[in-house]
Structures are given as C-alpha cells and as structure tokens.
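Please keep the sequence and the model in view while reading.

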Amino acid sequence: MTAQEVRLCGLLLQEHFGEVVEKVGRNLLKSGTQNLRAIVHETGLSVDLVKKSVCVLLQHGACSFIQGRKGPGSPTEYRAHCDRMLRILRYPRYIYTAKTLYGDTGEIIIEELLQRGHMTMSSTVKTVADRLTQNMEEGSSMDYGEVSTTFSKLVETHFLQRCPPAAGATGGSQTAALTPAAPVSSAAPTPESFPDCYTVPQVKLIGRGKRPLASEEGEDQRNAKRAKMDPETHGDEGIYWQVNFERFHQYFRDQTIISAVANKLDQTSSEIVRTMLRMSEVTTSSTAPCTKPLSANEIFRSLPATYNIPRHILDQYLTLLVDDPMEFVGKAGESGGGMFIVNLNRALANLARATLESIVQERFGSRSARIFRLLLRKRHLEQKQVEDFAMIPAKEAKDMLYTLLSQNLVQLQEIPKTPDFAPSRTFYLYTVNQLPTAKLLLQNCYKTVANLMERRLFEAKESKRLLEKSQRIEAILASLQASGAEPEQLTEVEEMITAPERQQLDSLRLHVNKLDSAENQVDETIFLLESYISSATKSTS
Amino acid sequence: MAGKGRGIAAFTFNIDALGIGRGNMPEARVGPSPLFPSIEFKPVPLKGGEEEDYMLALKQELRGAMQRLPHNIKARSNTTEVEKYTERYLKQSELNSEDWTPDWNLFPKELMPQSKKRRIKKGATTKTVKKLKEDKANLLSKLDVSLPSLFCYAIQLLFFKMSSYMHVLRHFIFSMFNG
C-alpha cells in the first residue's frame, strides 16, 4: 500500500461513495487490520456512520472481516483491500466489454452488479428488465426469460461468479493469491474453491419488465399496495453473484496479445493466435505461464470458417510466429504436425518492455530511448561502451545518461577491482532492471490518475456557481416543458444564461471530458504493467 | 584529504572514471524546482474514437448513478441552517433514496444499527433548567439595592475579576432601567 495508491483509493472512494466512506476507507488502508472501536476513535465520526460505511465497503468487496483472530472472544477485525478499490477505475472498460460480447442486456447486468456490489439472480433480472423496458418504445417490455438466459451465459463463461458463503467464520471473497496478512487459522476461501461457484440456481422467473407508471394515481396506489402485500421469493435467497474480475483481466490480456500480433504481423496471424487462445480458454488457469500445447492439426480444424487458408500456409504462418523476436508463440514438440503454445508470461514481459521504451521515448526523445533499449538488451555497459554502441557523441550521451539516472530509470552498478572500493580502481556500469523500473512507472501512473482526478474536481469546484445555475435552469425548463409552456417562455428562460457564460460552460465541459478520458487511457497502461508485475513476481516466488 | 583546495571543490573519488570533467558540471540548484517546469517533448494527444467516447460517457453516467444510490453516504448536515433557495429546485429533481439493508447473514452482527432510545437524559436536562431559574431569582433579589451600595459595588468591579461578574452586572443594569 504505497502513498500514491492510498491517495488514489481515497479519491475513488470519495467520488463514488461519499466523504464518510472515504474517511473510513482511508483509515483502514493506512492502519491495516482494525476493529470497529478503533475505527470510530481514529476517524472521529459517529458510530452509526462508521457502521454504515463499513457495510458499504463490505458490500462492494473492498473490505473483509475476520472474527476471533486472537482467540474466541476477540472483536471482529476489518481489513481493506487496496487493489479491489483500484478496480473502480476500470469499471467502464468492464461494462464496455460486456456490451461487445453480450449486447445491451449483458451490459446492463454487469453495470447493475458493479454498482451494487453483489446481488441475487432474481433481483438482478428484475432490475435489469425494468431498466431495459424504460428505454424501449411504448407498449413493448423486456421478458425476464431473455435476461435470465443472458445471465446464465455470463455465468457459463465465468464472467460472473457466486460469492462464497460467509457462515460465521471467515468470509472473504478474495482469491487465495492475496495471502492474508494476519495468520488466520483457516485461510479465506476463494470463490473458486466453492464447488457450486458457477452453477446457476434453478429459479423460475416469469414476468416482464415494468415501466414506471406516470398515468393514473389511483392505479399507482393500488399497484404499490399490491407490491407490498406479496413479497416475491424466488427460491434463490442467500445466493449472491458478483463480477469475476480475474476473468475480465484474462480477456483483456488476450485482446492485448491479439492486437499486438495484428500490429506487428498481419490479420491472419492474429486470427491464428485468437483461435489458439480461444481453444485454451477453459484448459488454462489464469496464472499459467503458457497455454497447453495445441497441435497444428487441431488449430487447422478450429480456425473460423471465413478463414479458409490451406494447410501449408498455416504451417508457414506458425513458423513465422515462432521465429518472431516478440516470442508470442513457441514450439513445444513435433507430434501432430508440431505442438504450439502461446507464451503468456513472455508476451506480457515483452509488451511491458515495449511500454517502458515508449514512455522513455515520449519523455526524453528518441536518442535517450535508443540508449535505454541498448541497456535493456546488453544489460551492463560502461560509459564508453554506451557511447560507442549507441553511436551518439560523447557529450550528449553523458547528458542523456545522467538525465535518465536522475529519473531512476537507469541504475549504476559498481564492480570493485580492489576490496577497498577505491574510485579509480572500480568499474561503474550502467544497467536497467525491467521489473523495478516497471514498478516505479506503475506508481507514476497511479500518481498521474490521482492528479487528473484532483484537477477535475478543482475545475468543477471553480465553476460551481455556474454549474449550479445551469442545473437550476435545466430543472426549470424541464418543469415548464412538462406543464406545456409556449416557446417564448422557453427561450426567455434559456436566455438567462448569457453568451460568455455559455462559452465558459462549454470550455469547462471540454476540459472535464479530456481529463476523464485521460484517466481511462492511463488505466490501460496501469492494467498492462500490473499484469506484468503480478506474472513476474508469481513466477519468481 | 590530499587535494588542491583543503576540502573546497575536491571530490573524494576520481572524477575521470565517470567520464565527466570539472568543467561540465550541471548548475547548482537555487531553491525548489518550479511547480510547472517547461517540458521539451509535448505529450502525445489522447486517443479519440467511438470506443473512447462511449467509455467516457459510461464513466460519467456511472459516477452520477453511484452518487444517487443509497450506498453514497452523506454526512449529516446542520439542519438549523437556512436552506438556500437554489437547493430547493435541486432537491425536487433528486430521487428519493431507498433505504438499503444488507443481508445480515453475510456481515458481522455488530454492524447492525441499534435503535435504543435513551430516556434517562430527558430528566436530567429538566433538573438543570430548574436549577438555573432558581439561581437567577436569588441573584435578582440580592441585587435589589439602593444607590450608595451601587457605588461601592462599582468600585469593587474595577478591582475584581470583571468577567465573572459580567452577567450579574447585566442583570443589575437591566433591573435598574426597568424598576
């Protein structure tokens, strides 16, 4: 939990859950595991507010509780999960992916689940059907059955999973990879360890989505009464569903690899890699370094029907992919026409390396980038060797090296000739370590996003008066239009905002949109670096 | 130690090994670095396309929706303040926040809200109010005095702590002007 991460989590919590939850969350992040009394004491808030905030954090999985850590009588302790809070930044990407894969219904299902943390299947289906009905034209409504089928499809492809039951003792919905800091007697169960993790309950949901009635008041009252009188239970109480972030991350990683292959080689090679990844979706766990070996025959049979390339062309493509320096595809044997694997870890490392090189190039120029790439490949080089290999004049090379050194992107390694480290008898070598540099740049990315958010909040605060005025005028306009006013009245109200104010509002909107869009795009870099770091640390541990 | 200037402009190591000379040292820093330094290479413009626009719209909608949900907890504001006229229009357009109760099977029991009404406090407050009234009555009767003692009293005030007698003086002047 670095300072930058805590700052970013605080801002995200404030934007989405309010200031009270932000205070509680920040306190939990900074102090690790705490019980309720300690939180109340340190934040200075009232007990009710703290209880409500902890409930909200638990609902969204940002916090987990452990009971009886120091023995049977000790109070419940709460721990916040920083990485779960950072996921909030990626919510739009998850929703957009669901839309591309499963259409509007899938999009709204994922959106509702992300907003509410976790929900039962029946309540999800009802809410989603109501929302979809609102957007459809008059007279038609969304059937529950359709929404249920989309829900089942999402569960089959593991995009949704059940929350593990919290029967009294430990109730964490985190994966086992995050080792709990406190030595608990029984480790927090992962959702995957629960055998029915991906089983859809047998629930009969018959009905259609309801449109909010605005017509007759009497009918409204009658409907409201009826709804209160029969609470509908559908037999799946207690089974809560949540979004499976790991599966989405696998999907994003696969998409990144496929688009990298498409950029470097061509469309057909990317289709081949896509086929290979699709075939190994269910057989490969999310932490595997490479996919299971697939024979060329299998790949040939599973290629999509639109790509009818002859067999020998496929073999040539596969050879090309194996020989490529980016090492996306590797050869694992000769049986069955050649066994091929996709090197996931190697691919992530190469993509991260390309990201680092591109960052150096954009910040320091192409010649500094040349020095950086040289040091990445040749590991340790002396000052003189750097100048020679990079073919850059000595003075400029020195300048660039020292700029990179001062930014911590390049490290100095001392190799002594004598045990007393005398400067005249020591080699000084420049080197770049990919993993620590990636971690450094990841922290920079967190700081960037936090800065962008703060600037956006500042801009909104500066023009708060103007924004309130425009909101007020919109509300007045809406109420006038609803009660049927003449166009002259409407234009009169619209003219209450003067032209320079309108300009100011437009430029404010432009700035806020730019800052928001920048946050989304920095998050893509964050995802890549995070995946690389987690894959590299897992393989070395 | 053995250098040309005794500690002045002398490095402890051989500067030639690093490849730089005495002449091309960077300038010494005077003060903190500027807040917005000028950068040589301008950043690349943002990607702008249909996908990015859609995700931007999603993000803003999501933020707005989550701020209206009951998960968003607002600190209890001071209700004694006068409500601004502008806020009346904004409140009308806001949806009613449904109360959200989590499933207590999943959460620890200690987080359930407790609704214990504390009745003891009410009696205590009435007692203190009565006591104050009695004190006031006593003081007023003591202060029903004539003019010479007023003079002595004024001199007393000049020499003793004014603050503790201020409320008495106020009552005194009040009674003087009225009766």
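A:Cys9 is buried, its relative accessible area being 0% (buried means under 20% relative accessible area, exposed over 50% and partly exposed in between, with a 1.4 Å probe and protein chains only). This is a predicted model, in which local features need pLDDT of at least 70 and side-chain atom pairs count only at pLDDT 80 or more, while totals for chains, interfaces and linings use all residues. Residues are numbered from 1 along each chain as its sequence is written, chains are lettered from A and ligands numbered from 1 in the order in which they are written, and side-chain values use heavy atoms, with hydrogens and water left out.

**Cysteines**

- Over all chains the structure holds zero disulfides, a disulfide being a pair of cysteine sulfur atoms within 2.5 Å.
- A:Cys9 is in no disulfide, because the nearest cysteine sulfur, that of A:Cys82, is 3.5 Å away, too far for a bond.
- A:Cys82 also counts as buried, at 6% relative accessibility.

**Salt bridges within chain A**

- Over all chains there are 31 salt bridges, each defined as a side-chain nitrogen of Lys or Arg within 4 Å of a carboxyl oxygen of Asp or Glu.
- A:Arg456 and A:Glu15, both of them buried, form one of these with an N to O distance of 3.1 Å.
- That pair links distant parts of the chain, since A:Arg456 belongs to helix 18 (residues 434-462) and A:Glu15 to helix 1 (residues 3-17), 441 residues apart; helices are DSSP runs of H or I with at least four residues, numbered from the N terminus.
- A:Arg311 and A:Asp315 form another, with their closest N and O atoms 3.6 Å apart, and lie four residues apart in helix 13 (residues 311-323) of chain A, about one helical turn.
- A:Arg311 is partly exposed at 26% relative accessibility, and A:Asp315 is partly exposed at 27%.

**Between chains A and B**

- In contact (heavy atoms within 4.5 Å) are 66 residues of chain A and 48 residues of chain B.
- On the side of chain A that touches chain B, 27 residues are nonpolar, 19 polar and 20 charged, where Ala, Val, Leu, Ile, Met, Phe, Trp, Tyr, Cys and Pro count as nonpolar, Asp, Glu, Lys and Arg as charged, and the others, Gly among them, as polar.
- The rule finds five salt bridges across this interface, including that of B:Arg63 with A:Asp516, at 3.0 Å between the closest N and O atoms.
- B:Lys59 and A:Glu519, both buried, meet in a salt bridge at 2.8 Å, N to O.
- A network of salt bridges links A:Glu15, A:Arg456, A:Asp516, A:Glu519, B:Lys59 and B:Arg63.

How values were computed:
Helix = DSSP H or I, 4+ residues; strand = E, 2+ residues; numbered from the N terminus.
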